[in-house]
Each structure stands twice: as structure tokens, then as C-alpha cells.
Amino acid sequence: RGKRIPCDVMEPSEVEFIAEQQLVTIIPNFSENKICLISGDFGPFNPSMQTKVPLWLAINLRQRHKCRIECPSWLTVDALCTKKTEEQESTTFTHMSSPHYLEEAMLLLNNAADDIPRADEVRTLVKDLWDLRMAKLRRSVNQMISENATHAQLDGLTPLEICSTQPFLRQALDHLLVLNNNQALHQGSSQMDSTL
């Protein structure tokens with residue numbers, strides 16, 4: 001949380017890799033002492049006792065039927081409906097409960113859907129949220145371009161949202177720069193012709 005991620009050099013797949021480091025709660029069905037990983041120590045693992053692990057490890061254990069993944073509180077139908085309403089009513093980007101909400105949700109829904117109550121509704125709401133935020137981002141970019149702005153501050157975007165729009169935004173700004181340069185060149189030559 002609070003870390004700056006240099007998305008100008010990252011691909012969406014790299015952002016997903018970072019999202020896999022988010023901690024989630026699991027309920028293991030096996031006993032094991034601590035697991036020592038580069039990112040830290042996790043465990044001990046005792047049957048029916050909650051413990052937090054990185055998402056990638058939770059998915060690995062879940063695929064091997066070694067645990068159940070507890071659904072994050074922000075990934076419930078009620079929480080997502082509230083967030084969707086909040087996003088619809090706000091003119092700016094709302095703060096997301098997880099900076100990697102889409103990646104986490106898709107990884108959990110694709111690998112542990114049985115652990116997510118009302119998984120189909122959750123999947124639809126996550127997609128609706130993504131679509132709402134991307135439409136809002138497109139409107140912001142269109143407004144920025146129509147105002148000939150050279151920069152914008154877009155608080156509240158997630159790393160994946162930033163990375164997903166970068167190719168389009170860079171291309172649009174490059175075209176805008178060419179058009180502005182051509183217009184300035186044309187105006188400069190028109191002024192020279194009128195003085196001659």
C-alpha cells in the first residue's frame with residue numbers, strides 16, 4: 001500500500017504478478033510449520049485455523065485441495081453493489097478497497113469460485129465496476145484532449161487501469177502534439193505571408 005509502481009515500463013501481466021503478492025486469508029486442512037519464502041514467513045498451518053498467505057500461494061494450495069480461501073470482505077455482492085453505486089454517483093474515481101481489485105477477483109473467481117458466495121453475480125459486478133471506471137477514464141482523456149491539456153492528475157486509478165490505458169493515451173497525445181505543431185506551423189506561415 002502506498003508504493004509507487006512505475007507503470008510506464010510495465011505490462012498488465014506484470015501488474016497481475018504484483019497482485020499475486022496481496023495477502024488473503026485461508027483455512028488450511030493440513031498441519032505444517034512456518035513456510036519461509038523470499039517475501040516472508042507464512043504459517044504455521046493448522047487445520048481450521050485462519051492464516052494469511054500471498055494470493056499465489058493460496059491458489060496453489062487451493063488447487064491441491066489443501067485449503068479453503070476466505071472471500072475478501074470487498075468481494076461480496078453487497079460490498080460490490082455499494083462500490084458500484086458509489087462509482088456511478090461520483091464524478092471522480094473512487095478509492096478501491098484493493099489496488100488490484102480486478103486481478104485479485106479474476107484470480108479468485110477462476111481458481112476458487114466455490115469459495116466465493118454468489119460467484120456469478122460477483123463476476124458480473126466486478127466487470128461492471130471495471131467498465132464504469134474505464135468509461136470514466138475515457139471521458140477524462142477526451143476532456144483532457146479537447147482542452148489541449150498537456151497533463152492530468154487522475155487520482156484513484158489502480159495500476160492495471162493505468163497500464164491498460166497507456167498505449168492509447170500515449171498514441172492520442174502523440175497525435176495531438178503533431179496536430180498542434182502542424183497548426184502552429186501553419187499559423188506561423190500564414191502570418192509571414194500576410195506581412196509580405
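Helices (H or I, at least four residues) and strands (E, at least two) are DSSP runs, numbered from the N terminus. This is a predicted model, in which local features need pLDDT of at least 70, side-chain atom pairs count only at pLDDT 80 or more, and totals for chains, interfaces and linings use all residues. Residues are numbered from 1 along each chain as its sequence is written, and side-chain values use heavy atoms, with hydrogens and water left out.

Select helix H1 (residues 12–19) and helix H4 (residues 101–111). Their axes come within 9 Å and cross at roughly 75°; axes are lines fitted to C-alpha atoms, for helices over the stretch in contact, and angles run from 0 to 180 degrees between N-to-C directions. H1 is therefore roughly perpendicular to H4 (65 to 115 degrees).

Next, show the side chains at the contact (heavy atoms within 4.5 Å). H1 supplies Val15, Glu16 and Ala19, and H4 supplies Glu103, Glu104 and Leu107.

Now select Glu16 in helix H1. Leaving out residues up to four places away in sequence, Glu16 touches Glu103 and Leu107. Glu16 and Glu103 lie 87 residues apart in sequence, yet 5.9 Å apart in space, C-alpha to C-alpha.

Key. Parallel < 35°, antiparallel > 145°, perpendicular 65-115°, else oblique.
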